[in-house]
Amino acid sequence: MCTVSYIGTSTEIIITSNRDERSARPVALPPEIYSVETKRLLYPKDPLGGGSWFTADQFGNAAVLLNGATEKHLPALHYRKSRGLILTEIAAAPSPIDHWKRIVLKGIEPLTIILLNNKKLSQLSWNGSRKNTITLETKRNYLWSSVTLYSEEIRRRREKWFRDFLSGKSMISAGEMLLFHSSTGKDDPQNGLMMNRDNALRTVSITQTRIDQERVLMTYLQIQPPTEFSKIMAVCP
């Protein structure tokens, strides 16, 4: 929910997310398939809020959460609903993009959602007072870093790491993206993709989803204790 990459290849889509959280926060539940509204959603679950930062459904759609919108905000003392529940609500809707247009977000902390829906890619953001929707190209590659944890200078540095990593590669594999998310910037624990700030705030997991015409494969790497989970869900024709 704090670093997200998107890779659009000729055969599949690869979305990978590093979750940066307080070390004291309870460990998330590994990915499972849940029946929500009329959909089957595959996601890891936050045991505190009950929501998630990364979902995929049986139609090959996906939604990934980033904290914050376009600039760092001052958190309020109370919000009426967690952003993780907002994400699962939007993902569970018959049309996530239409639900995004209708949903009332007053009283919700600023957020960004990367939404893959009906083979269209969008960046949805809420800054606390208004929504913004940007249409992206599904065949391009993208990297996002949360504005709540990373300054503009650091976000640009991370984007350069991403460009350098992809440079010269005609094809990108899921394994290569896991390597990028687990090792890039390791000499800078404050700002590297496997971030660790005095053991109080750190990267606690990496979630990756591979989507092709037949299946959704979600891989979940828990950092402490080191554990790997995977779950497959068939894509409806």
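How many aromatic pairs does the structure hold? The count is 7. Bear in mind that this is a predicted model. A few notes from going through it follow.

1. **The stacked pair.** Start with Tyr142 and Trp144, whose rings form a stacked aromatic pair, with 5.5 Å from centre to centre and 20° between the planes. Tyr142 is buried at a relative accessible area of 12%, and Trp144 is buried too, at 10% relative accessibility.

2. **A tilted pair.** Now take Tyr220 and Phe229. Their ring centres are 6.1 Å apart and their planes meet at 40°, so this pair is tilted.

3. **Arginines over rings.** There are two spots to look at here. Arg19 lies over the face of Trp53, at 4.2 Å from the ring centre. Arg158 does the like with Tyr150, lying over the ring face at 3.8 Å from the centre.

4. In soluble globular proteins, nonpolar side chains tend to be buried together. Here the largest nonpolar core has 49 residues, and the ones that touch the most other members are Tyr6, Ile15, Leu111, Ile113 and Trp144. Another core lies apart from it, made of 11 residues, including Ile14, Ala174, Met177 and Leu193.

5. **Trp144 again.** What does Trp144 touch, once neighbours within four places in sequence are left aside? Its contacts are Cys2, Thr3, Val4, Ser5, Tyr6, Leu66, Ile114, Gln123 and Leu136.

6. **The largest pocket.** The largest pocket holds about 640 Å³ of space. Its lining is made of 26 residues, and Glu21, Arg22, Arg25, Asn67 and Arg83 lie nearest the centre. Strand E2 (13-22), strand E6 (62-67) and helix H1 (83-92) are the elements that give two or more residues to this lining. Which of the elements supplies the largest share? That is E2, with 4 residues.

7. **Helix H1.** H1 is one of the elements lining the largest pocket, yet 8 of its 10 residues are buried, so the helix is largely enclosed by the rest of the structure. The buried ones are Arg83, Gly84, Ile86, Leu87, Thr88, Ile90, Ala91 and Ala92. Note that Arg83 is buried and is also listed among the residues nearest the pocket centre. The cover over the buried residues of H1 includes strands E3 (29-36), E4 (39-45), E5 (54-57), E6 and E7 (111-117), along with helix H2 (96-102).

8. **The cavity.** There is 1 cavity of 30 Å³ or more. The largest cavity has about 50 Å³ of space. It is lined by 13 residues, with Asp57, Asn61, Ala62, Ala63 and Ala91 closest to its centre. Ala91 is one of the buried residues of H1. E4, E5, E6 and E7 each give at least two residues to the cavity lining, and these four strands are also among the elements that cover the buried residues of H1.

9. Worth a look before you set up any torsion checks. Gln224 and Pro225 are joined by a cis peptide bond, with omega at about -10°. Pro225 sits in the loop between strand E13 (215-222) and strand E14 (227-234).

10. **Positive phi.** Glu37 is not a glycine, but its phi is positive, at about 55°. This residue sits in the loop between E3 and E4 and is exposed, with a relative accessible area of 71%. Asn118 is not a glycine either and has a positive phi of about 55°. Its place is the loop between E7 and strand E8 (120-126), and at 59% relative accessibility Asn118 is exposed.

Notes: Residues numbered from 1 in each chain as written. Predicted model: local features only at pLDDT ≥ 70, side-chain atom pairs only at ≥ 80, totals over all residues. Heavy atoms only, no water. Phe/Tyr/Trp six-rings, centres within 6.5 Å; stacked < 30°, edge-to-face > 60°. Buried < 20%, exposed > 50% of the residue type's maximum accessible area, 1.4 Å probe, protein only. Lys NZ or Arg CZ within 6 Å of the ring centre and 35° of its normal. Core = buried A, V, L, I, M, F, W, Y, C linked by side-chain atoms within 4.5 Å. Contact = heavy atoms within 4.5 Å. 1 Å grid on protein atoms, 1.4 Å probe; cavity = no way out; pocket = protein on both sides within 12 Å on 5 of 7 lines; lining within 4 Å. Points joined across faces, edges and corners; volume = space filled by probe spheres on them.
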